[in-house]
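Work through the exercises below with the sequence and the model open. Try each task before reading its solution.

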Amino acid sequence: MSVRLAAAGAAAMLTLLVMIAAAPAARAGQWMQVSCVNPNGSPAGFQGWADSSTDNPPLASVADAACAPGSPMVANLSAAQAVAGDANEILTYTPPPGSTLVGGRMEVTLYGGGSGTGATGVAGLHEPAFKPDDADRFLVCAAILGPCQNGTFTWSGTATLPSERGGNLIAAASCAGANGLASNTCTKGQDANNNYASVFIYSADLLLQNGSVPGATGFTGTTLEPGARGLTQLLFTATDPSGPGVYLVQVFLDGTAIYSQTPNSNSGQCAPAGTDPGTGALMFDTQQPCPQAESVDVAIPTTGLQDGRHDLSVKVIDAAGNETTAFDQTITTSNPLVTPRPAKGVRAQFVMKWHWAGRRTTLRSIAVRKLTRRAVVHVSCAGHGCPKLRMRSASGRRVKRLLSGLGGRKFRAGDKLRFTVTAPRLNSERIQVTIRNNRIPQARLVR
């Protein structure tokens, strides 16, 4: 591995110690994988990380990608014995399939104070690849470049990852032979632990971009049947192929959200560990936080809806913020108001279909059932919005004419439509229907 020795190259490397500009603004298609430590300090995973060694590092050297709060990942090239140039201890992060590394940050300590004959200790962070030269290195600490921080060969702090480079993220502790000559050797370590170079990663918040398009298929259920009534059921499968998974499903009825949930928490992995303050991306501590396919069963209440046509839509949102309206169709409902019956006496029931808009309510149609032929129906209305009624009473044989005359009549919130049903030798039945603001009227028995 060569090291740039020119003054301009050294200056450029030292400039990188200040870090690269802030990550891009939040946008759909981004999520963040957290490694080692969650934002609240709890343990996070380290999926996607791997450790490796090249060119026979000394026996006391180590690369270990396992980590936890207070126990960082480590790549350490020991100075227990002389080592040829191009020996490396390496930590590599590979993004999950379908996602691209576009930024983030790491809490790290780099030490690169080792030296020798035509060689130097080097601790560096690389993206998108670990190459024989230093073209992909964005942060470096090396003895040949002089002190890294505060007059030492150690750099500690928050390293900002380059924006939009993609590829893998590599942290390496190396002995670099000048001009790429592996015959040159590192012979002396400078730190208290007698190392040529080392890298410690305490935490990593890795910003990922994913262009997967979520969706849903297989829509069935009683909600989609003509004249749906009562509590209905909508079933489908939400999907996010090649994405971080189905995070949120939302169901809208006439533009109002009636369901908004994570259909499967994936044993808690689909619950965000936090939200990145710089980008707004949701933070998760696994590489596949949410399922890529999940069956969804949503209860759709239709009882309080007007009878007729309604718009039903379903939106699927994945963990990266990608969203799709996967379903948008018209359904029909039929939930007529059926009046209560007394326990004794006349027990007729009126079946009414209504349409309402704000304070105005229209009685679309009305019918009666279980009405004896000798019964008589009386109708009255009290309130400022009551319509004029041409017929106010009718016998059982003429009740259809009476009720058809009520069809299409308009009322105002607060009006009270009253029905009294009498029959020989039976207790009378009295029903009051109260018109309400922008909802189905209320029917009750009165004395």
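The protein has 2 helices and 32 strands; helices (H or I, at least four residues) and strands (E, at least two) are DSSP runs, numbered from the N terminus. The model is predicted: local features need pLDDT of at least 70, side-chain atom pairs count only at pLDDT 80 or more, and totals for chains, interfaces and linings use all residues. Residues are numbered from 1 along each chain as its sequence is written, and side-chain values use heavy atoms, with hydrogens and water left out.

**Exercise 1.** Compare the radius of gyration of the protein with that of a compact globule of 447 residues.

*Solution.* Start with the rule: 2.2 Å times the number of residues to the power 0.38, with the radius taken over C-alpha atoms. The globule would come out near 22 Å, but the protein has 37 Å. Next, check the box. Along the principal axes, the C-alpha atoms fill roughly 120 × 35 × 30 Å.

**Exercise 2.** Find what share of the residues is buried, and what share of contacts joins residues at least 24 apart.

*Solution.* Buried means under 20% relative accessible area, exposed over 50%, partly exposed in between (1.4 Å probe, protein chains only). Buried residues make up 48% of the 447. Now the contacts (heavy atoms within 4.5 Å). Take those between residues at least 6 apart in sequence: 69% of them join residues at least 24 apart.

**Exercise 3.** Examine phi at C36 and N150, then decide for each: buried or exposed?

*Solution.* C36 is not a glycine, yet its phi is positive, about 80°. C36 lies in the loop between β1 (30-35) and β2 (49-54). Its relative accessible area is 0%, so C36 is buried. Turn to N150, also a residue other than glycine, with positive phi near 55°. N150 is in the loop between β10 and β11 (154-160). At 75% relative accessibility, N150 is exposed.
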